[in-house]
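Keep the sequence and the 3D view open while you read.

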Amino acid sequence: MIENRIKYILQDNKRIAIMGGTFDPIHFGHLIAAETVREKYNLDKVIFLPSGNPPHKDKRRVTSKEDRYNMVQMATASNKYFDVSRMEIDRDGYTYTIDTIREFVSVSSKGTDIYFITGADAVYDILTWKDADELLSVCRFIAVTRPGYNKKELEEEINTIKSNHKCNINVLEIPDIAISSTDIRQRVMKGSFIKYLVPEHVEAYIRKHAIYQNRGGHNE
């Protein structure tokens, strides 16, 4: 179920982006990417969507839904253009992007443009996602990359997808901020600093709740 607050956003704004992810934990790289996309595409809102039980993570240990949601809330609270939805973490079973998009479209006002922000790597797998044809036709994808990424290869892959499917996929290069959730988890496990990698409130939350201590971590 979509929260009433999110329904209001979807009905009252015309240019919305969804930024899905595990966010384990959320870090400044995520926030910079979201803000860069918002500014470039003149978006009214970016809605962060922490994943619930994504099928591609089923063999990997992921931090509890509530902890990840709380950290995303803390990280985004100071930006009036950002919001966070619980929709996927409250959904039973596997969470598929198409189910989320369908719900968003069903409550959006007529003429609303919905964008989905994803990492460039996901483009190569997007045709394996549930109901990919429908997904590609109902929302616009923004594939974010870092400097040095093989942009030519990515654009060739996108052109191949476009030649066979009705879709809108754009590429946006994000400033080269070398931060990853995997590195942050490993730093916490080793007792190293994570200051300036995550927002201050997120760092305090991780320390207070002993998240990532004495455990392995999936790659992300």
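Contact means heavy atoms within 4.5 Å. The model is predicted.

Q: Which residues does P199 touch, not counting residues up to four places away in sequence?
A: P199 is found in the loop between α8 and α9. The C-alpha atoms of P199 and F28 are separated by 6.9 Å, though the two are 171 residues apart along the chain. Leaving out residues up to four places away in sequence, P199 touches F28, L31 and A75.

Q: Is P199 buried or exposed?
A: Buried means under 20% relative accessible area. P199 has a relative accessible area of 10%, so P199 is buried.

Q: How many helices and strands does the protein have, and how compact is the protein?
A: The protein has nine helices and six strands. Its radius of gyration is 17 Å, close to the 17 Å that the globule rule gives for 220 residues. The protein is therefore as compact as a globular protein of that length.

Q: What box do the C-alpha atoms of the protein fill?
A: The box is taken along the principal axes. The C-alpha atoms fill roughly 50 × 40 × 35 Å.

Q: Which residues of the largest nonpolar core touch the most other members?
A: In soluble globular proteins, nonpolar side chains tend to be buried together. In this protein, buried residues make up 48% of the 220 residues. The largest nonpolar core has 36 residues, and those that touch the most other members are M19, I26, V37, V46, F48, M71 and I206.

Q: How many residues are in the other core, the one with L49, I114, A120 and I169 among its members?
A: This core lies apart from the largest one. L49, I114, A120 and I169 are among its members, and the count is 28 residues.

Q: Where is L172 found, and is L172 buried or exposed?
A: L172 is found in strand β6, residues 169-173. Not counting residues up to four places away in sequence, L172 touches T36, V37, K40, Y41, I142, A143, V144 and T145. With a relative accessible area of 10%, L172 is buried.

Q: Which peptide bond is cis, with omega near 0 degrees?
A: Most residues other than glycine have a negative phi, and most peptide bonds are trans. P25 is found in the loop between β1 and α2. The cis peptide bond runs from D24 to P25.

Q: What is the phi of F23, and is F23 buried or exposed?
A: F23 is found in the loop between β1 and α2. F23 is not a glycine, yet its phi is positive, at about 55 degrees. With a relative accessible area of 1%, F23 is buried.

Q: What is the relative accessible area of A210?
A: A210 lies in the segment after α9. Its phi is near 55 degrees, a positive value in a residue other than glycine. A210 is partly exposed, with a relative accessible area of 38%.

Notes:
Residues numbered from 1 in each chain as written. Predicted model: local features only at pLDDT ≥ 70, side-chain atom pairs only at ≥ 80, totals over all residues. Heavy atoms only, no water. Helix = DSSP H or I, 4+ residues; strand = E, 2+ residues; numbered from the N terminus. Rg over C-alpha atoms; globule rule 2.2 N^0.38 Å. Buried < 20%, exposed > 50% of the residue type's maximum accessible area, 1.4 Å probe, protein only. Core = buried A, V, L, I, M, F, W, Y, C linked by side-chain atoms within 4.5 Å.
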